[in-house]
Amino acid sequence: MSSDDVNPLQGVFQTFERFSRCVQTRLSQFVGQADRSKHAKGKPGISASLAAMEIPASDIVIKKQSAGPVTKEELGRATWTFLHTLAAQYPEHPTRQQKKDVKELMAILSRMYPCKECADHFKEILRASPVQAGSQSELSQWMCYAHNVVNRSLGKLTFPCERVDARWGKLDCEQRACDLQGTTLDFPPRIP
């Protein structure tokens, strides 16, 4: 295969795949712990755990599996979750390639996002304020800024960007398994 045949998005797909596996692992661990605590003798279940965290029952929403396509709102929430988490995992001292990749990812989203109106608005945001990707903190702050621009346009509340790390901190993954490609991991991961 020549270098012309290499998919330019391969790195993005590999990073997303690794990120997705990490999230799935953490979620399955969380669900497994919740199930075990629910069935363990004398130990509280999910409801008691939520109560201990002082989360009112009225704030807990369990969504039924939808038989229809994803809504624009669901897509938006999932996208922002991915983007903020990506920014939180971004290295404090990124390589030139990582800076290029994250800027390219944003440009691709502005062209390929499944909601044309959203994609066009994101293009405007990128034109007015290009991606700042010199460090993890810089990208996280830029992402918060961009998200707040979208929130304002939708008449939603904005998020205080000084709290972005508290809301979107790094994933807790064993052995740096959630690090971005090019930092410490080989792809595919080696199995010991």
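## Model and conventions

This is a predicted model, in which local features need pLDDT of at least 70, side-chain atom pairs count only at pLDDT 80 or more, and totals for chains, interfaces and linings use all residues. Residues are numbered from 1 along each chain as its sequence is written, and side-chain values use heavy atoms, with hydrogens and water left out.

## Overall fold

The protein has seven helices and zero strands. Along the sequence the pattern reads α-α-α-α-α-α-α. Helices (H or I, at least four residues) and strands (E, at least two) are DSSP runs, numbered from the N terminus.

Of the 192 residues in the protein, 31% are buried. Buried means under 20% relative accessible area, exposed means over 50%, and partly exposed lies in between (1.4 Å probe, protein chains only). A contact means heavy atoms within 4.5 Å. Among contacts with a separation of 6 or more, 65% come from residues 24 or more positions apart.

## Helices H3 and H4

Two packed helices are described by the angle between their axes and the distance between the axes. Helix H3 covers residues 72–89 and helix H4 covers residues 96–112. Their axes come within 12 Å and cross at roughly 170 degrees. That makes H3 roughly antiparallel to H4. Axes are lines fitted to C-alpha atoms, for helices over the stretch in contact, and angles run from 0 to 180 degrees between N-to-C directions. Angles under 35 degrees count as roughly parallel, over 145 as roughly antiparallel, 65 to 115 as roughly perpendicular and the rest as oblique.

From H3, the contact uses Phe82, Leu83 and Leu86. From H4, Val102, Leu105, Met106 and Leu109 meet them. The contact residues divide into seven nonpolar, no polar and no charged. Here Ala, Val, Leu, Ile, Met, Phe, Trp, Tyr, Cys and Pro count as nonpolar, Asp, Glu, Lys and Arg as charged, and the others, Gly among them, as polar.

## Helix lengths and burial

H3 has 18 residues and reaches 26 Å from its first C-alpha to its last, close to the 26 Å expected at 1.5 Å a residue. The 17 residues of H4 should span 24 Å, and the end C-alpha atoms of H4 are 24 Å apart, which agrees. The expected span is 1.5 Å times one less than the number of residues.

Buried residues in H3 include Trp80, Phe82, Leu83 and Leu86. In H4, the buried residues are Gln98, Val102, Leu105, Met106, Ile108 and Ser110.

## Disulfides

The count comes to two disulfides, a disulfide being a pair of cysteine sulfur atoms within 2.5 Å. In one, the sulfur atoms of Cys115 and Cys118 are 2.3 Å apart. The torsion about this S-S bond is about 70 degrees, so the disulfide is right-handed. Cys115 is buried at 10% relative accessibility. Cys118 is partly exposed at 28%.

Cys144 and Cys161 form a disulfide with sulfur atoms 2.2 Å apart. This link is left-handed, with -95 degrees about the S-S bond. Cys144 lies in helix H6 (residues 136–153) and Cys161 in the loop between H6 and helix H7 (164–167), so the pair ties together parts that are 17 residues apart in sequence. Both cysteines, Cys144 and Cys161, are buried.

Ser110 sits in helix H4. Ser110 is buried, at 5% relative accessibility. Leaving out residues up to four places away in sequence, Ser110 touches Ala119, Phe122, Lys123 and Leu126.

Ser135 lies in the loop between helix H5 (116–128) and H6. Its relative accessible area is 11%, so Ser135 is buried. Beyond its neighbours within four places in sequence, Ser135 contacts Tyr90, Pro91, Glu92 and Pro94. Ser135 and Ala87 are 48 residues apart in sequence, and their C-alpha atoms are 9.2 Å apart.

Gly169 is in the segment after H7. Gly169 is partly exposed, at 35% relative accessibility. Its contacts, not counting residues up to four places away in sequence, are Ala88 and Val164. The C-alpha atoms of Gly169 and Thr85 are separated by 7.4 Å, although these residues are 84 apart along the chain.
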